[in-house]
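Here are some notes to read alongside the model, arranged as numbered points. Please keep the structure open while going through them.

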Amino acid sequence: MESFGGRLHRAVAERGPLCVGIDPHPGLLARWGLSDDVNGLERFSRTVVEALGDRVAVVKPQSAFFERFGSRGVAVLESTIRQLRDSGSLVLLDVKRGDIGSTVAAYASAYLDPSSPLYVDAVTASPYLGVGSLAPMFELAAAHGGGVFVLALTSNPEGAAVQRARGADGRTVAQTVIDEIAQLNRGAKPLGSFGLVVGATIGDTGHDLSALHGPLLAPGLGAQGATAADLRTVFGTALPSVLPSYSREVLHAGPDVAALRAAAERVLTECRAALGEARTE
């Protein structure tokens, strides 16, 4: 199977550098005039897939907003994943899992094994039990052409106390994560399958992302305060690897399909303007 990095590189070339989240939280369901139940969840998700599934490079369902409805919500998530795959978009499931041993192996099987009903192209993961604890995810992803985006520098203010703490070698925890993920991508062409999550709102990171050779997921754009122009400040020379991620900025345009498409096209145009020069260098 083609690697996730290869598929992502091709999808961005064909559809543009954009990831859009499916985040059906109660306030957004209400904004769309939908009930805060499984029926509302299903209608919301189906509409986003109809509007964007055949146009956006990556769609990122937030698993928690499906899980809160129990087994019926997870069934909607499974259906949404199938619909997105049929539409041709890559599916990045935002689950932020992290554990050790057989437990992280089970998470890997749930999301990165093609036999699973929750099988997706890539997942988000938390490295704070040690990057090495995620080895079963990395191994299964590599075996089946999947990807893993590991949290590195997040936008939430509480994250800095952990992520910017320094170890005995002088590196921050975040830089250690960055460097270990970069090692996993060594020799990959055209792009590694193991990425990082770096918030678009954090400004100049003071960290070296230049050796990653993998994708950089940049949440926090739009309603959370960052603009496409801010990406240059945050990512610097790593800008060509950035995958901008929007949720509310696009989703607030719903439930009208045409309006959702227009919102996605607008932010994609902004991202192309911010990233275009870097991607052609």
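Predicted model: local features only at pLDDT ≥ 70, side-chain atom pairs only at ≥ 80, totals over all residues.

1. The residues concerned are Met-137, Phe-138, Leu-140 and Ala-141, which are the buried ones of helix 7 (residues 135-144). Just beyond the end of this helix comes Gly-145, with a positive phi of about 75 degrees.

2. The sheet is a closed barrel of eight strands in the order 1-2-3-4-5-6-7-8, and the pairing is parallel. On average, and with direction ignored, neighbouring strands of the sheet are turned by 30 degrees against each other. Helix 1 (residues 4-15) packs on this sheet, where it touches strand 2 (58-61), strand 3, strand 4 (122-125), strand 5 and strand 8, and the direction of helix 1 makes about 125 degrees with that of strand 3.

3. Strand 4 pairs with strand 5 in the parallel sense over four bridges, and Ala-125 has Val-150 of strand 5 as its bridge partner. Strand 5 (residues 147-153) is also joined to strand 6 (residues 194-198), again running parallel, by five bridges, with Val-148 standing opposite Phe-194 of strand 6.

4. How much space lies in the largest pocket, and which residues lie nearest its centre? The space amounts to about 520 Å³, and the lining consists of 26 residues, of which Lys-60, Asp-94, Lys-96, Pro-219 and Gln-224 are nearest the centre. Sorted by class, the lining of this pocket has nine nonpolar, 11 polar and six charged residues. At least two lining residues come from each of helix 4 (64-67), strand 3 (90-97), strand 8 (242-246) and helix 11 (248-251).

5. Lys-96, which is found in strand 3, has a positive phi of about 50 degrees although it is not a glycine, and with a relative accessible area of 39% Lys-96 is partly exposed. His-213, in the loop between strand 6 and strand 7 (216-218), likewise is not a glycine and has a positive phi of about 55 degrees; its relative accessibility of 35% makes it partly exposed.

6. The bond from Lys-189 to Pro-190 is cis, with omega near -5 degrees, and Pro-190 sits in the loop between helix 9 and strand 6. The bond from Gly-254 to Pro-255 is also cis, with omega near 10 degrees, and Pro-255 belongs to the loop between helix 11 and helix 12 (257-280).

7. Pro-255 leads on to Trp-32, for the two are 223 residues apart in sequence and yet 5.6 Å apart in space, C-alpha to C-alpha. Trp-32 lies in the loop between helix 2 (26-31) and helix 3 (38-52), and it counts as buried because its relative accessible area is 6%. Leaving aside residues up to four places away in sequence, Trp-32 touches Phe-44, Thr-47, Val-48, Leu-251, Gly-254, Pro-255 and Leu-260.

Notes
Residues numbered from 1 in each chain as written. Heavy atoms only, no water. 1 Å grid on protein atoms, 1.4 Å probe; cavity = no way out; pocket = protein on both sides within 12 Å on 5 of 7 lines; lining within 4 Å. Points joined across faces, edges and corners; volume = space filled by probe spheres on them. Nonpolar A, V, L, I, M, F, W, Y, C, P; charged D, E, K, R; others polar. Pairing = 2+ DSSP bridges. Axes fitted to C-alpha atoms, helices over the stretch in contact; angles between N-to-C directions. Contact = heavy atoms within 4.5 Å. Buried < 20%, exposed > 50% of the residue type's maximum accessible area, 1.4 Å probe, protein only.
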